[in-house]
Amino acid sequence: MLRKGQISAVNNLSDISDIRGKKILEIGGDIRHEVANYLIERGALHVTSININPKIKTQEINKNLSTVNLDATKLTSYFDTETFDMAFGVAILEHIKNTKLLLDQVYSVLKSEGCALLHGGPIWTSSIGHHTWVDCNTKSYRFNDQTNPIPNWHHLILDFDGMIEFLIKQKDLPYQHAEKVAKYIYNDSDLSRMSYLDFVNTFNNSKFKIIKILENIGPSLPNNILKKLKKTQYKKQNCEVIGLKFLVKK
Ligand SMILES: C[S@@+](CC[C@H](N)C(=O)[O-])C[C@H]1O[C@@H](n2cnc3c(N)ncnc32)[C@H](O)[C@@H]1O
């Protein structure tokens with residue numbers, strides 16, 4: 001089933017330009033092609049949904065939809081320049097390591113006047129930016145349900161060793177679980193660890209014209225956390241922003 005965030009992102013895209021009759025590139029598409037099919041239902045002529053996940057094969061699903069196993073930072077290795085009218089991707093920016101390269105590549109494969117909606121969240125500097133998604137032998141830990149062991153913003157306040165100690169002493173995690181969670185948060189290649197300002201600056205410095213930036217604001221920063229964040233490199237960030245949607249035009 002489509003998530004609210006996916007539907008609202010499609011609405012945001014159609015607000016800036018008519019989807020009907022368009023050739024759309026979907027980046028990091030879901031495995032069931034739900035968003036791609038929704039774009040087609042809304043009138044898209046054709047959706048090409050790419051993903052780096054090996055489970056996504058390069059194939060034509062039907063006359064309106066094809067999938068390609070491809071890294072979004074290598075689009076021009078597969079597509080001709082100026083191929084698509086629109087590009088779209090939900091919950092991808094926090095996973096793609098080189099945002100500058102991503103933007104250069106999306107820019108190249110969009111036709112002139114083409115537009116894009118690129119979304120990320122939760123972004124690293126937000127309350128749940130640690131994005132914990134870890135499976136241990138006896139338990140799984142997820143940032144978005146009650147198994148989340150990390151209090152808001154603690155991934156920014158603690159370092160790797162401090163996090164392990166916190167998870168063992170305060171959250172009763174066994175050492176192996178605590179270490180695996182800390183390795184995911186601070187070292188795993190699944191996360192870009194780009195901050196709010198990193199994203200905004202990278203988009204501002206790209207070749208795209210920015211139409212709008214939509215922010216999804218999370219919980220307010222309590223004073224005790226604010227004080228601790230002020231002692232870190234994150235003191236100038238807007239750490240209340242969980243999600244960012246960039247609507248851009250070539
Ligand atoms: C959090 S999921 C979001 C999936 C889908 N867009 C959704 O809304 O459910 C992020 C997706 O981005 C894909 N991804 C990560 N890095 C990528 C890259 N460099 N190129 C293409 N896809 C990538 C992942 O495989 C994953 O399917």
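Does threonine 58 count as buried or exposed, and how many C-beta neighbours does it have inside 10 Å?

1. Threonine 58 counts as exposed, because it has 11 C-beta neighbours inside 10 Å. The cut-offs are 20 or more other C-beta atoms within 10 Å for buried, 12 or fewer for exposed, and partly exposed in between, with C-beta atoms placed from the backbone.

2. This is a predicted model: local features need pLDDT of at least 70 and side-chain atom pairs count only at pLDDT 80 or more, while totals for chains, interfaces and linings use all residues. Residues are numbered from 1 along each chain as its sequence is written.

3. Threonine 58 lies in the loop between S2 and strand S3 (59–62); strands are DSSP runs of E, at least two residues, and helices runs of H or I, at least four, numbered from the N terminus. Neighbours within four places in sequence aside, threonine 58 contacts Thr67, Val68 and Asn69 (contact: C-beta atoms, placed from the backbone, within 7 Å). Its C-alpha atom is 10.0 Å from that of threonine 48, 10 residues away along the chain.

4. Helix H2 (residues 34–41) has Val35, Ala36 and Leu39 buried. They sit on the same side of H2 because they cover an arc of only 105° around the axis, the arc being that of the directions from the helix axis to the C-beta atoms. The buried residues of H2 pack against helix H1 (4–16) and strands S1 (23–27), S2 (46–51) and S4 (65–69).

5. After H2 comes glycine 43, with a positive phi near 110°.

Notes. Contact = placed C-beta atoms within 7 Å.
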